[in-house]
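Keep the viewer open as you read.

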Number of protein chains: 2
Amino acid sequence: MKRKPSLEATAAWIRLVRVQSRVLDAVEQDLKRAGFPPLAWYDALLELSRAPSGEMRPVELEKQMLIPQYSTSRLIDRLVDEGLAARRECKMDKRGLFVEITEAGRELQKKMCCAYSTAIEKHVGSKLSDADAAKLCGLLDRLGCACQEAAVPTARDAASAR
Amino acid sequence: MKRKPSLEATAAWIRLVRVQSRVLDAVEQDLKRAGFPPLAWYDALLELSRAPSGEMRPVELEKQMLIPQYSTSRLIDRLVDEGLAARRECKMDKRGLFVEITEAGRELQKKMCCAYSTAIEKHVGSKLSDADAAKLCGLLDRLGCACQEAAVPTARDAASAR
DNA sequence: TCAAGATTGATGCAGCTGCATCAAGTGCGC
DNA sequence: GCGCACTTGATGCAGCTGCATCAATCTTGA
């Protein structure tokens, strides 16, 4: 199994890496310039805000966000430090805990959502027709294979990116 | 300019971020498991090996690789520490220097090339037909817009890829 | 019931990134 | 020739990531 990739596959690989990093960077920079924290914070706040009663276990958050355990743990640290979330005792399982989004957290999430949407439109939406965006989705999904994602997310889902 | 992105654009954004990070990670892990250094090292060695007489200025490398200046500087540090490259005096411009790939550097580059090709075939090539890979290229290029060969805005702030 | 193993979350450490800044050298305009 | 703006490359610092590992708790099975 040492087949070599075709020129087309190699070109696709290079573009995938370069374009994504460029576009992601552009979006993150837009948010940063608007005074917002990193995208990962937004993703976490979004997950929390959607959870029933605004709280979930770190282990759940970790699965939703597809990031490693220690990363979740530290992200929660930062959110708590900034007053965007709070840790709550978990009585069912004393190893664990609950993370609950605060009012401040919900507000930030809403504000970031607008800026985020604008950035996505600027760096992605405005450059592709809807039909082309759908084609791109299809092609990328084939590469993702193991990464099963629900169909097209709703507008508010604007971003479970990352 | 506060238009909202379409569902298709949002979905494309999400997939772009997720799939790329997943595929990139898979490729990097393959190389790592084979005992190789990070991809950035390979990219640098490849650029150096292609340069006439195997040497180039850091500022050139920086432009080729689309990474920031300090990142280049430190990458060179690491390559030199490992004996894969060497710094040479630059007589034309005493501020600058040349980076020259060593024999060890060339050998590593060749070895990594095989493993890298195999990984690309495994994680990209085997999942897309050549025609689809070409389509993907076309779509991604549209997102890259300013990226392909475009006039680089005054050096320093230009590079923020990766 | 109890020991072995799995799960949950935290943390020390090393390495990498980005930011800001620095020193040295170049070159343009006058 | 001179001064000032720019280029080139390095580095201190803070923050983030990945790895390994830990303590606490839960679960399973004999």
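Between the two chains, 53 residues of chain A are in contact with 48 residues of chain B, contact meaning that the C-beta atoms of two residues, placed from the backbone, lie within 7 Å. On the chain B side, H1, H5 and H6 each supply at least two of the residues that touch chain A. H1(B) gives the largest share, 17 residues. By class, this side of chain B holds 25 nonpolar, eight polar and 15 charged residues; here Ala, Val, Leu, Ile, Met, Phe, Trp, Tyr, Cys and Pro count as nonpolar, Asp, Glu, Lys and Arg as charged, and the others, Gly among them, as polar.

A word on conventions. This is a predicted model, in which local features need pLDDT of at least 70 and side-chain atom pairs count only at pLDDT 80 or more, while totals for chains, interfaces and linings use all residues. Residues are numbered from 1 along each chain as its sequence is written, and chains are lettered from A and ligands numbered from 1 in the order in which they are written.

Now look at chain A by itself. Its secondary structure comes to six helices and three strands, where helices (H or I, at least four residues) and strands (E, at least two) are DSSP runs numbered from the N terminus. Read from the N terminus, the order is α-α-β-α-α-β-β-α-α. Of the 162 residues in chain A, 33% are buried: a residue is buried if 20 or more other C-beta atoms lie within 10 Å of its own, exposed if 12 or fewer, and partly exposed in between, with C-beta atoms placed from the backbone. Among contacts in chain A between residues at least 6 apart in sequence, 58% join residues at least 24 apart.

Helix H1 of chain A covers residues 7-33, and its 27 residues reach 38 Å from first C-alpha to last, close to the 39 Å expected at 1.5 Å a residue (the expected span being 1.5 Å times one less than the number of residues). Its buried residues include Trp13(A), Leu16(A), Val19(A), Gln20(A), Val23(A) and Val27(A). An α-helix has 3.6 residues a turn, so residues three or four places apart point the same way. What covers the buried residues of H1(A) includes H5 of chain A together with H1, H5 and H6 of chain B. Ser21(A) also belongs to H1(A), but with 19 C-beta neighbours inside 10 Å it counts as partly exposed. After the helix comes Gly35(A), with a positive phi near 85°.

How do H1(A) and H1(B) pack? Their axes are 10 Å apart, at an angle of about 130°, axes being lines fitted to C-alpha atoms, for helices over the stretch in contact, and angles running from 0 to 180 degrees between N-to-C directions. The two helices are therefore oblique to each other (under 35 degrees is roughly parallel, over 145 roughly antiparallel, 65 to 115 roughly perpendicular and the rest oblique).

Finally, visit H3(A) (residues 58-65) and H4(A) (residues 69-81), which pack at about 115° with their axes 9 Å apart. That makes H3(A) roughly perpendicular to H4(A). Pro58(A), Leu61(A) and Glu62(A) of H3(A) make the contact with Gln69(A), Thr72(A), Ser73(A) and Ile76(A) of H4(A).
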